[in-house]
Amino acid sequence: MQLRGSWVPLLGFGLMSLAAVPVARYAYNFGAHGRNVLSYPAFAYAELKGLCVAHIPGAPCDAHEFDGAVLRFVAWGIWFAVLPLVWLAFARWYRHRGEIRGILPRRGSWLWAMGVTFALVVAAFLALFFSRGQPGNATFIENAYACPWYLVGVGLLVLGLLERRWITAMAGLCHAALLSAYLAASWGTGWLPWAYPADPGWTDGPQFKALLLTAVLLVAGFAEWRSGRPRRAPHTTALITTTT
């Protein structure tokens with residue numbers, strides 16, 4: 001099945017990723033307010049209930065410790081609902097596009113693409129787990145650092161393999177790998193996951209990291225759009241001139 005329409009989800013998710021840049025600290029789980037998957041709902045519950053926790057026995061608690069936790073939970077958790085719904089919309093569009101062209105999806109192709117993707121994900125996790133110099137790898141693989149944007153990278157990898165569109169497949173792979181590198185990196189790293197800048201600036205913050213992830217999708221989307229455009233018929237003006 002090669003419908004040459006993978007540029008649509010690439011550009012679509014790229015624009016969604018661009019819209020998430022202002023809240024990238026929470027949308028991508030890059031923030032320092034927990035990152036652990038349990039922290040967002042736990043802190044939101046604490047704010048709703050007005051809990052006050054004393055971290056040192058006998059010391060007064062901070063009544064404003066959990067202020068804004070509900071908004072952070074929404075900015076992080078809403079993407080778990082939005083991104084699957086957008087994938088369903090793209091799937092329906094793909095099916096409609098295929099039916100118009102007389103192309104129906106085959107179960108064998110889907111199973112092959114999903115099997116290859118699963119093997120690549122398992123291999124990447126094993127490589128991350130056994131790599132040295134990253135003390136947070138075990139916690140990362142235990143899904144303590146949950147990020148909904150893996151749905152984009154993994155989904156694009158499946159789509160690229162299914163359509164034999166290697167630009168799409170590489171974009172999905174690069175997106176998931178870059179996201180994993182940022183989430184697995186320890187605190188204090190900049191836009192390069194292995195670098196610790198002495199004077200961190202805006203380029204080392206979550207917004208810039210989100211812009212890099214957005215650029216992967218948009219550049220690949222424009223490349224797919226350009227490659228999928230029908231070629232123009234050869235210009236015949238010179239031929240007519242020479243014959244006359």
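1. Of the protein's 244 residues, 36% count as buried, where buried means under 20% relative accessible area, exposed over 50%, and partly exposed in between, with a 1.4 Å probe and protein chains only. The model is a predicted one, in which local features need pLDDT of at least 70 and side-chain atom pairs count only at pLDDT 80 or more, while totals for chains, interfaces and linings use all residues. Residues are numbered from 1 along each chain as its sequence is written, and side-chain values use heavy atoms, with hydrogens and water left out.

2. The protein has 10 helices and 0 strands; helices (H or I, at least four residues) and strands (E, at least two) are DSSP runs numbered from the N terminus. The order of elements from the N terminus is accordingly α-α-α-α-α-α-α-α-α-α. Among contacts (heavy atoms within 4.5 Å) between residues at least 6 apart in sequence, 71% join residues at least 24 apart. The protein exposes about 14500 Å², of which carbon and sulfur atoms supply 68%; accessible areas come from the Shrake-Rupley method with a 1.4 Å probe, and for residues only the protein chains shown count as cover.

3. Helix α4 comprises 32 residues, 69-100. Its end C-alpha atoms are 47 Å apart, in agreement with the 46 Å that it should span at 1.5 Å a residue; the expected span is 1.5 Å times one less than the number of residues. A bend of about 25° occurs in α4 at Ala75, the bend being the angle between axes fitted to the seven residues ending there and the seven starting there. After α4 comes Gly102, with a positive phi near 75°.

4. Which residues of α4 are buried? They are Ala69, Arg72, Ala75, Trp76, Trp79, Leu83, Val86, Trp87, Phe90, Tyr94, Arg97 and Gly98. The cover over these buried residues includes α1 (7-19), α2, α3 and α7. In general, an α-helix has 3.6 residues a turn, so residues three or four places apart point the same way.

5. The largest nonpolar core has 27 residues, of which Phe13, Tyr28, Trp149 and Leu179 touch the most other members. A nonpolar core is a set of buried Ala, Val, Leu, Ile, Met, Phe, Trp, Tyr and Cys residues joined through side-chain atoms within 4.5 Å. Two or more residues of this core come from each of α1, α2, α4, α7, α8 and α9 (206-228). The largest share, 5 residues, is that of α4. A second, separate core of 6 residues includes Ala113, Val158, Leu161 and Ala169.

6. Leaving aside neighbours within four places in sequence, Trp149 contacts Phe13, Met16, Ser17, Ala20, Ala27, Tyr28, Trp79, Leu83, His175 and Leu179. Helix α1 has 13 residues and reaches 18 Å from its first C-alpha to its last, close to the 18 Å expected.

7. Helix α8 has 19 residues and reaches 26 Å between its first and last C-alpha, close to the 27 Å expected at 1.5 Å a residue. Its buried residues are Thr168, Ala169, Ala171, Gly172, His175, Ala176, Leu179, Ser180, Tyr182, Leu183 and Ala184. Thr168 counts as buried because its relative accessibility is 0%. Not counting residues up to four places away in sequence, Thr168 touches Ser6, Leu10, Leu156, Gly160 and Glu224.

8. Most residues other than glycine have a negative phi. Asn29, although not a glycine, has a positive phi of about 65°. Asn29 lies in the loop between α2 (24-27) and α3 (39-49) and is buried, at 0% relative accessibility. Arg164, likewise not a glycine, has a positive phi of about 60°. Its place is the loop between α7 (150-163) and α8 (166-184), where Arg164 is partly exposed, with a relative accessible area of 41%.

9. How many disulfides does the structure hold? The number is 0, a disulfide being a pair of cysteine sulfur atoms within 2.5 Å. Cys147 is buried, with a relative accessible area of 7%, whereas Cys174 is partly exposed at 37% relative accessibility.

10. Ser39 belongs to helix α3 and is buried, with a relative accessible area of 9%. Ser39 and Phe73 stand 34 residues apart in sequence, and their C-alpha atoms are 8.8 Å apart in space.
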